[in-house]
Amino acid sequence: MISNENKFDIENSSSEHFNLKKTIGLYAKHWMWFVISILFFCVLAYIQIRYSIPKYAATAKIMILDDNDGTGGANALQELSLFSENETAAIEDEIEVMTSRTFMKDIVKKLNLNISYYASGRVNEYELYKKNPFTVNFIVSDSIVDNISFNFFVDVISDTEFNYREFEDDEPVKITFGENISTAYGNMVLMPREGYQGVYTTTIRVQFTPVMNIATYLNGSVSVSPIAKSSKVLSIYYEDTVLEKATDIINTLIDTYNITSLEKKNIRSENTVKFIEKRIDSITYDLVNVDNNIVRYKTVNKITDVASEAGQFLASSTVNEQEIDNAKTQLRRLNYMDESLGDNNSFSPIPSNLGLGDGAINTLSEKYNQLLRERNSKLQSAGERNPIVLELNETLKGIKQNLNSSIKNSKQSLGIQINSLQTQSTRLSSKIYAVPGQESKLRSIERKQGIKEQIYLFLLEKREEAAITLTATTPNLKIIDEAYSYGEVSVNGKILYIGALFLGFLIPFGFIYGRDLLDTKIHNKEDVHREIKNISILGEIPRLSKSDKNLVERNDRSVLSESFRIIRTNFDFVRRGREVENYKNVMFVTSTINGEGKSFFSMNMALTLASTNKRVLLIGADIRNPQLFTKIKSIENNNESKGLGLTEFIADKSTLLNDVVTSHTINDINIDVMYSGSIPPNPAELLMSDRVKDLFDKVSAEYDFVIVDTAPSMLVTDTLLISKYAGHTFYVTRAGYTEKEILNFTKEIHADNKLNGMMLVVNDVDQSNFGYGAKYGYYGAPEKRGWFGRKKA
């Protein structure tokens, strides 16, 4: 059977699964912040759309041509080893060149973009690009003007005069056009623009900006990109508040790049021609010297055509060497055959068909091998003593003797032949070596002459090619579409408003989410139950406003009174399910730390129990920091007091219970109160006195309920010292104050049974967080209407 306490725990248990309604409610109760944030950003979006200066987009298309098209100085040098590298720039490199700050600087200076003229409009000022009624000229060097950051105001009065102000609030000075104006950067002159047909505006602001600042801005604003991957066609895009200015910048960029590429090609061609001219002069001088050396060398050494004679000697020497090699080969073959014959008593095959020049040796060797095969055949059938075998043996011996004699004669003949050929080879070699060493020197000189002639002819050809390219240089790009505009680039209002709604929702959502994520405090009984699952939670006490009463009244229907009635009912339910032997009507009230509302709960719980016509005693047992006396006296506006309390009763055995108990009527409810008394020097030792037991024995017998307001359990040991006299313990936590981490102490003392019958109460809960975060209110309580509800009523 399940006890009442366990039933109550089951009733208070909440599921751990995700609750969408509760999550939405967490943000919905802050709906006002969402509305304010969304309205704020929508207003900003409206202002942005309404008062933003319109921009115009301009675009153009060009095609990058290959630099290696057979023209230009680079092609003239392409075949030289030192210049054989591929110099064709990638498309990405050309884009980097076009959008570089140095390149943009040339555009700024060509269009004078560092000098801007602005006229005041109703809301914003607008630029007078090429429509300015006058021009400004500084009488200083361009290097200074390019770095000026200067601002002044002009009011044109007539065709000859104007008012000048350096700052908008300065007193205007009347000056004539053409008159010098002194500034911090030097003198400047304003001249009326020729052919100006417009109307003079009231005020014109002239802005000088450093050239590199404008170049940096264009570097990040002008977009150059291929229309497709690996395409040579580039799209150039730029936006500006002045349509004509946007197209001028793109067209000037194209013209500047075209001129720069042409200049680069011309410079390269000119340098190529100069380089080739220098090389031709150097090669010509070297070639003349080589020719003179050949003539001088042949004359001195009387050389005509020694090369042809040396060729004949070399051919004869080659033939002789071949004959020597053939003779030596024949000699090696004869030696091999001589070794194969062996002695006269052994018969083994000898090699034949060795290609020997002596036919008798070849014939004898073939006949020897044939007879040897017959002998071997007879041996297999007749044996070695057979007459035919013996006859064959004699014949083979005779042939072997003839072969030895023939081989010996052939060796002698080949030896003589080899000696003769080697003598002839030595003679030919001496004739070759006898060729004058000057011929080798002559060949070296002639080789140099041929190399110089080839280089000379090659450079003459390339000089003509480079000279032709100077008059036929082609641009590096082809314009497909000149800069044109397709109108105003309007702000997309729908997207802007969607972004405003998104930001308006995201910022309060992120703030609430972040606050909730970083929140370490409890806010209602759901948070407490999530941290502590095995202790009964009796209920929640609402957060009171300044106008609310902080003590319950008899027959009161306020939220405070109803919350304590709920706690009283839940306590009765839990109390009936417990078996308490002693002090079952004594309830301690404690908390973890100071400031969680123990005294507030003790007083209201005592009044709630007493409102049922029960005898209730409220004891102030927090003798270190007593609060009951101050609270009750402030309610009754009565400064009269016996000055006696719990400490006096414990310390003085002569003090009776009636001496320290006072009766009070609070909000038409009668209760008895025992104050804490004087603050003792030894609170812990005092509470260990036997008089404490006597006290609780008496009061538990005389009263229906005894409520004891004790000290915080984690800060001091007072409550734990007297906890054995408690039948039940109300453990108070405070929403928005109690840290979740310190609830570990609550779990520890419950696990160790240091406090009897622990029950949790959540104090100071926002009414929107009542009942596990759901705002339902109290049945029968007066309905609180908002502003819209009151209007509707």
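**Briefing: aspartate 764 and its surroundings**

Apart from neighbours within four places in sequence, aspartate 764 is in contact (heavy atoms within 4.5 Å) with Ile541, Pro542, Arg543, Leu544, Arg734 and Ala735. The model is predicted: local features need pLDDT of at least 70 and side-chain atom pairs count only at pLDDT 80 or more, while totals for chains, interfaces and linings use all residues. Residues are numbered from 1 along each chain as its sequence is written, and side-chain values use heavy atoms, with hydrogens and water left out.

- Aspartate 764 lies in strand 21, residues 758-765; helices (H or I, at least four residues) and strands (E, at least two) are DSSP runs numbered from the N terminus.
- Aspartate 764 counts as buried because its relative accessibility is 14%; buried means under 20% relative accessible area, exposed over 50%, and partly exposed in between, with a 1.4 Å probe and protein chains only.
- Side chains of opposite charge can pair when their charged atoms come close.
- Arginine 543 and aspartate 764 form a salt bridge at 3.3 Å, N to O; the term requires a side-chain nitrogen of Lys or Arg within 4 Å of a carboxyl oxygen of Asp or Glu.
- Arginine 543 lies in the loop between strand 14 (536-542) and helix 16 (559-576), and aspartate 764 in strand 21, so this pair ties together parts 221 residues apart in sequence.
- At 36% relative accessibility, arginine 543 is partly exposed.
- A network of salt bridges links Arg543, Arg734, Asp764 and Asp766.

**Other salt bridges**

- The count of salt bridges comes to 21.
- One joins aspartate 527 to arginine 530, with the closest N and O atoms 3.0 Å apart.
- These two residues are separated by about one helical turn, because they are three residues apart in helix 15 (residues 525-531).
- Aspartate 527 is buried at 11% relative accessible area, whereas arginine 530 is partly exposed at 34%.
- Lysine 598 forms a salt bridge with aspartate 622, the closest N and O atoms being 3.7 Å apart.
- That pair links distant parts of the chain, 24 residues apart: lysine 598 is in helix 17 (residues 598-610), and aspartate 622 is in the loop between strand 16 (616-620) and helix 18 (628-636).
- Lysine 598 and aspartate 622 are both buried.

**The protein as a whole**

- The protein has 26 helices and 21 strands.
- Of its 793 residues, 40% count as buried.
- Among contacts with a separation of 6 or more, 78% come from residues 24 or more positions apart.
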